[in-house]
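Below are some notes for a colleague opening this model for the first time. Please read them with the structure in view.

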Amino acid sequence: MDEKDFLLLKTLYTEKNISRTAEILYISQPAITYRIQNLEKYFNTPIISRGKKGVEFTAEGECLVKLADQILHEIRKTKEKIQNMGHQVQGTLRLGVSSNFARYRLPALLKRFVRLYPDVEIIVKTGWSTEVMNYLYKDEVHIGIVRGDHHWHEHHYFLYEEPVTIASKEPIHLEDLPTLARINYKTDSHLKQTIDHWWHKTFHHPPLITMDVDRIDTCVELVKNGLGYAIIPSISLSEIDSLHTIDLYSEENQPISRKTWMTHRHAALELSVVKAFVDFMKSQYNQEAPR
């Protein structure tokens with residue numbers, strides 16, 4: 001077995017489809033079948049079977065997939081360590097980034113970073129902050145940029161915070177919110193709980209949600225066209241939006257904000273490319289952690 005066999009097994013296990021696996025790996029379907037047959041001969045046992053739902057792995061095949069996953073992980077870590085043994089900052093940087101940060105802040109940051117370190121290849125995975133934390137736990141990324149408060153036992157560096165605000169096309173009064181059309185959007189559970197908690201502490205009636213969309217930028221566009229108000233973190237707003245805003249405050253008259261953190265394992269700093277990015281981000285957000 002070699003690295004290509006390990007990658008083939010992992011991809012086929014994920015896709016459950018030979019033609020799709022062939023497209024992803026840029027090899028022919030007969031070549032996949034031939035290599036699987038060779039593996040079955042080598043181990044003297046069936047690895048896969050073809051059913052109505054596509055390719056299914058036998059118990060022995062699933063055991064090989066787990067082994068392939070472990071070996072690919074070790075190969076990747078070894079390659080990255082070797083690439084970073086010199087003083088030059090080069091190699092692959094794997095980032096897991098909260099979707100909103102990736103949408104509104106990440107492109108400009110990466111543009112500046114690549115100018116400083118042109119020999120770095122950057123791989124980015126985006127998602128909810130909880131998904132990014134899972135990427136970190138599974139060592140799928142070197143660095144995670146997450147929003148909200150998350151338990152992480154290793155390095156956790158505060159970048160910045162911005163207020164959670166009520167945004168509307170025209171001026172509105174806080175006490176009128178339960179009777180006004182609200183535009184809702186999908187977000188991570190932490191922000192949703194924060195907003196819901198504030199609402200229940202402030203009003204005795206549920207919000208009048210007239211639209212429910214899947215993206216926060218879609219929500220902002222609807223607000224800009226006067227179709228309702230929204231409660232959103234201010235990262236999604238720009239000065240050119242020209243919207244009226246009211247920042248949220250708690251019962252104790254404390255501002256309700258959204259914090260952004262940079263997280264990584266301590267051992268990741270052994271890689272020069274990771275250390276360079278961490279130092280770069282600290283230079284961009286030179287702040288002390290909030291109390």
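1. In this predicted model, a network of salt bridges links E15, R20 and E23.

2. Another one of them joins D69 and K10, at 2.9 Å from N to O. D69 belongs to helix α4 (residues 59-83) and K10 to helix α1, so this pair ties together parts that lie 59 residues apart in sequence. The relative accessible area is 37% for D69, which is therefore partly exposed; K10, at 35%, is partly exposed as well.

3. E221 pairs with K224 in a salt bridge whose closest N and O atoms are 3.0 Å apart. Both residues sit in helix α9 (residues 216-224), three residues apart, or about one turn of the helix. E221 is partly exposed at 41%, and K224 is partly exposed at 24%.

4. D241 lies in the loop between β9 (230-233) and β10 (244-247). Is D241 buried or exposed? With a relative accessible area of 11%, D241 is buried, because the cut-off for buried is under 20%. Beyond its neighbours within four places in sequence, D241 contacts V220, K224 and S236. A polar atom of the D241 side chain lies 2.9 Å from the backbone nitrogen of S238.

5. On the surface, M1, Y42 and F43 form a nonpolar patch with about 330 Å² of accessible area together. M1 is in the segment before α1 (3-15) and is partly exposed, at 39% relative accessibility.

Conventions: Residues are numbered from 1 along each chain as its sequence is written. This is a predicted model: local features need pLDDT of at least 70, side-chain atom pairs count only at pLDDT 80 or more; totals for chains, interfaces and linings use all residues. Side-chain values use heavy atoms; hydrogens and water are left out. Helices (H or I, at least four residues) and strands (E, at least two) are DSSP runs, numbered from the N terminus. Buried means under 20% relative accessible area, exposed over 50%, partly exposed in between (1.4 Å probe, protein chains only). Contact means heavy atoms within 4.5 Å. A polar contact is a pair of N or O atoms within 3.5 Å; within protein, one must be able to donate a hydrogen and the other to accept it, and residues adjacent in sequence count only if both atoms are side-chain atoms. Patches are made of residues with over 30% relative accessible area and no salt bridge: like charges are joined within 9 Å, nonpolar side chains (Val, Leu, Ile, Met, Phe, Trp, Tyr) within 5 Å. Accessible areas come from the Shrake-Rupley method with a 1.4 Å probe; for residues, only the protein chains shown count as cover. A salt bridge is a side-chain nitrogen of Lys or Arg within 4 Å of a carboxyl oxygen of Asp or Glu.
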